[in-house]
Amino acid sequence: MSLQPLPPNPCLIAILLVVRTTSEPCIVFHYPPRPGEDNSPFKGIFPKDGEGSSTSSSASESEDSTAELPKLDNKDEGQKGYSPPDAEETGSGSPEKSGGLSQDRKKLQWNDIFGLQSVLLAKLLCPAANCHKKRFEVGLNDNVFLGWPVFARSDGSWKKARKSRRSSSRSKITAEKVKGNPKELIGHKLGVSGTDDDSDSSRPMTAVESQAEKDRDGEVREVSQISETSVRSKAKPKAHKRFGDAGTSAPKTDKPLVMFNVVFVLKPPPLEYHLRLREMYDNVVKKFGKALRWEQARSNFVARESALIYSLTKHMNSSRAVKPSLSTLYHDLVAQSSLAKGITNLYNSIASSRIAHVSLTPFSSLSLQIPIPSSISTLPSPLEPQLPGLWLTTTNSIPPDDDAQSPHLGSHFTLLLLSDVPSIISDLDAAASPIAKPLTQYLRASSPRKSFHQISQSSGIALPDVQFLASHLIYWRRARAIPPLHHKDIYIVSPNADMRKLAAASSAFAKLFPALPPLPKILSLLSMGSRPYHTLIPSKDHKPIYMDILAWLMRECWVTQLRTFAWVRVPSHIKEAVNKASASDHRDKSTYHTVTDDSDDTSTSSLDVPDSVSGFRLDVPKSNPVSPTSSTHTTLPFNPTVLTQSPNLISNPRLASALPSRHLSAISKHILQTQGEESQSAWDKCVKYFDGKHAMETIPVREGWKRKKVAALVAGWEELGVLVRARHW
Amino acid sequence: MLKAIFLAIFDVDEGPKVLHQVPASSINTSPSPSTSSIPLLHFPPIANTLIPHPTLCNNGLLQLAISHHRILSYPQCIEHPAYPRNAYTFNFCLVLPADADFTSYIPVTRKLNTLFRTLEVHSHFLSSDPSPPNTGKVYALCETLLEDLNNYSEAMIPIDASNTLNIKLFPTYPPPPPLHPHHVPLATVNLPSLIDSNWDLTMLLILPHINGINSVKQIALLADADYKLVKKSLRHLLYYGCILLLDIFSFSAIYACTAEISHLIESPETQQECHRYVLLPPDSNSNSSNNNENTKPTHPPTPSPTDLPTLYLSLRQGLPVRAWLLELPHLATQLDLRRFFTFGVIKGFLYRVHKYAFATKKQQSRRMKWVREESDSGGGSGSGTSGGAKGKEDADKRRGMKEGDRELERFLDGTHCFDEICTELMISEKELGQRLKTRGDVQIICR
């Protein structure tokens, strides 16, 4: 069976911004504030963090933060012999530390996520330089960290931005009127803060900041090297401590940015691992990374913003300052940093399968989304994942053979708006889109009952423009392309309708369409059988409102159009006639050859059809439908003469091979004899639609005929036994 | 398919390094990335990830996708004063293609690493192994493991006198879909041939009744087994793909074509397959089949494979099988109709149009009416025409109906199909239709 789309599931649990200056990598920003614990946005949900009480015991807490490096399952081990001795001393000596609660609380440093210190995580998420612009994927248990790291080039194209960055970052901060104390910020930047020196033990972050400030880049690198080895051996507690310190101090505002990596943390179901990661990577991770890279190259954006975020979050790591609650912090961050705002936006939208609008700078904005399926063509079996409430149709999977545009935007389609026009227009006005004006004009002219072609003619908007505007609306999930609704078409209750929503939908329906039959009644009428929609409409006056109902039903996916598809059927007498004709034309020997030709190799018959598609399996239209191999398996012995005369279907009349095309011309002649010239010419025009892929409902539009005429013709042909019709979606 | 297994350790002098690797030279450990394409991986850039900070050790799976390969690892760090720098860090890593399904290798990685952790803790198995890189028993073990897992998907490797490494790869399947009492399981394999002595008793009880005709509930009744256990057993079979789920076949059911019907029309193989499956053995000697008591050998010729699509195409929404059959009466003698429909459903070109009932008004007023009527009839005691006994029977019946109605009520929210209601209430569809009619205010929706 065909591959079914799966329900949208972004599996996104966090987005982290990892940057690396010349010293250590560091997670500058992450969203949501407590990833993995709480997926909801931050607004006022974090009173449980105990942020308020942290000020009272802040001194011991920050000491713990250095001491508690090995803190997961081997915590007791670490306490026994391998934690830094000085930390242990203070730890045991500190009365506030006695309770396990305070330890636990301490672990929840604002930037420690997934129970890991952000320093360690940042190290893990900072790949080697050979990962530049490559997919970065690291898994920790069920969490997968997916990124697209970008490194500064060796010639340092970002270096020239370094000078301007300082000024720009500061000017940006002043321009945006930073809420936090700008003095402190600047003081920190220049490394002249007096408090730094005396806070060596109690304020790990600032302590090493100051140290790192004093050391120039080379020395810092040395420190980090020492710390790396020491960490691995766990034998040098002092270096251990320094390691932790050096790491947290990473985003020096006066050091050039070397790498940044926006890491998306996913928790995919094991069986959908590759699918979900690919979706996220292709649609979001890579595109966002590229946008950031461009902005960084243009205006040093990432470096600037990470410096800003760092300056705003710095006080969270210090012990002295009164720590605001996480929600206040994030509120400030989002208000002041456009990158933080962008990431927040991105997370909130992508995690709920919506389109994310991210504007990084006033000049650049981008929209990202993981596309969601708008329709399915096959009904999922009970064994497959169910997608109730998705539009069931094959209109979108038709090969575009005569419409040059994308299949569903052919001129014979139209748009079904998924929300009402006023709301779309008001959104347009809010977004100040450059195409707002033509869009508004189009929206006013749009109707689900008129094709693009008709709308274009009535409104005076050129057809390509109409299609462009339509595709725009489709991309933004505001509309869906459908064949125009018509009261003579057949609509059935969609087998994929979400029955669980029936109760809610029927009350919504009753509000929208009062004084009309309730929704269950309408659906019940629609399920009586395959009847045209107009049989439901009680009177002519009711027609507009009933067409509105139909549009509503289509939009909510309660119904789907039952479309008619046809195949050419070759009746026995035609076959017989053709056989006789060929027998008289050819010698006996050649008849034999024809038969073998047809049974062996019908798809690429070399006789007179030069354009037969080699890849397409055209096995049906042959005189002897039993191929030699399959006949050995059949339980019933077949009489070949009976077989050649039993009627069969021609699957693709356009590309019919030798024998089927002889059959087709014989049928055409037969129609001429029985129904006259008009019918024959119509047949010759229409036969290309009888391949089971073109809906008969489109013939009147394509050929510009009246529906009645087509219906009469088709009925006539069906009576002749040369046409087989099937109805499906 | 495993590409390589390697053991990375933290060397006190050299830092992270690859101690053993299978196949040899699959990991490039030199500081400069090699130009040749033979090694799978370049180790130094990922060394710090695979031998991470102790916090990240003993912390579960650590996997890494790099240059078209995926490394599954489970870093272990044993802290003990006996070691230089007081700790020993190692990590057995499995290398797979990046896009391969790796879920079944996760337990392997875990087991390999935790086993060696235990061995190391107890007997310094790894740290005291003097063999140089790519020799010795650990290397041999990795070698055997790689070969066995790739060739046999399992391995049993003795390590020492008391330890053996037993590993088997288990594929991961999606969780089975929800199973409802009205689902009809159909075996896709010859289940009785798979039975062994360890099979569950309920499973053995229900196996004879899985025939594509009985619904889950019927199976439970026929096998005289607890429904919950039956459901559990069937879900097991479902999980391993041994059964399919069909619908209850009846002559009042409606079937219609899906878009997949074009596949049948365009594929003579499918037509042949269908023909073999649905056709009854040619007349007279067909006592064994179900539907031919009234076989008439003089009927129109049996449908050929090319006729079958036309037959399927003549099905449509709103047309029950019974009515369809009236148009083509001879078919019942030539085709196994149940197979005719199940073939379509299995192949996906046919779908069952289910009926749903939705109560537009709550039953409350209705029930009151029932109660009132009942009290009326009780007060009137028989209403003349029938005897007292008959009246009592009526009342009983009515009470039963009322009970049934109350039960029925919860199925009238539009989410339960007729099959389900009938199975749950153990009534026929005809009776259900009558009950719904007497109840009133019910819309029947075919979906």
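Two strands count as paired if DSSP finds at least two bridges between them. Keep that rule handy for these exercises on a predicted model.

**Exercise 1. In what order do the three strands of the open sheet in chain B lie, and which of them stand at the edges?**

Step 1: Read off the order. The open sheet runs β16-β15-β17 in chain B, with antiparallel pairing.

Step 2: Find the edges. β16 (413-417) and β17 (442-446) of chain B each have a single partner strand, so one side of each has no neighbour in the sheet.

Step 3: Check one pairing against the rule. β15 (residues 355-359) and β16 of chain B share two bridges, and the rule asks for at least two. Within this pairing, Phe358(B) sits opposite Asp413(B).

**Exercise 2. Which helices pack on that sheet, and at what angles?**

Step 1: Start with the helix from chain A. Helix α21 (residues 519-526) of chain A touches β15 and β17 of chain B, and its direction makes about 45° with that of β17(B).

Step 2: Now take the helix from chain B. Helix α15 (residues 418-425) of chain B touches β15, β16 and β17 of chain B, and makes about 75° with the direction of β16(B).

**Exercise 3. Describe how chain A and chain B meet.**

Step 1: Count residues. On the chain A side, 86 residues are in contact with 85 residues of chain B.

Step 2: Look at the area. About 6,800 Å² is buried between the two chains, and carbon and sulfur atoms give 63% of that.

Step 3: Go through the polar links. There are 14 residue pairs in polar contact, counting pairs with both residues at pLDDT 80 or more. The rule finds one salt bridge across the interface: Glu137(A) with Arg70(B), whose closest N and O atoms are 2.6 Å apart.

Step 4: Sort the chain A side by class. You get 45 nonpolar, 26 polar and 15 charged residues.

Step 5: Strand β3 (residues 136-140) of chain A runs antiparallel to strand β5 (residues 62-66) of chain B, joined by four bridges. Here Gly139(A) faces Gln63(B).

Methods:
Residues are numbered from 1 along each chain as its sequence is written. Chains are lettered from A and ligands numbered from 1 in the order in which they are written. This is a predicted model: local features need pLDDT of at least 70, side-chain atom pairs count only at pLDDT 80 or more; totals for chains, interfaces and linings use all residues. Side-chain values use heavy atoms; hydrogens and water are left out. Contact means heavy atoms within 4.5 Å. Buried area is the accessible area (1.4 Å probe) that two parts lose on being put together, summed over both. A salt bridge is a side-chain nitrogen of Lys or Arg within 4 Å of a carboxyl oxygen of Asp or Glu. A polar contact is a pair of N or O atoms within 3.5 Å; within protein, one must be able to donate a hydrogen and the other to accept it, and residues adjacent in sequence count only if both atoms are side-chain atoms. Ala, Val, Leu, Ile, Met, Phe, Trp, Tyr, Cys and Pro count as nonpolar, Asp, Glu, Lys and Arg as charged, and the others, Gly among them, as polar. Axes are lines fitted to C-alpha atoms, for helices over the stretch in contact, and angles run from 0 to 180 degrees between N-to-C directions.
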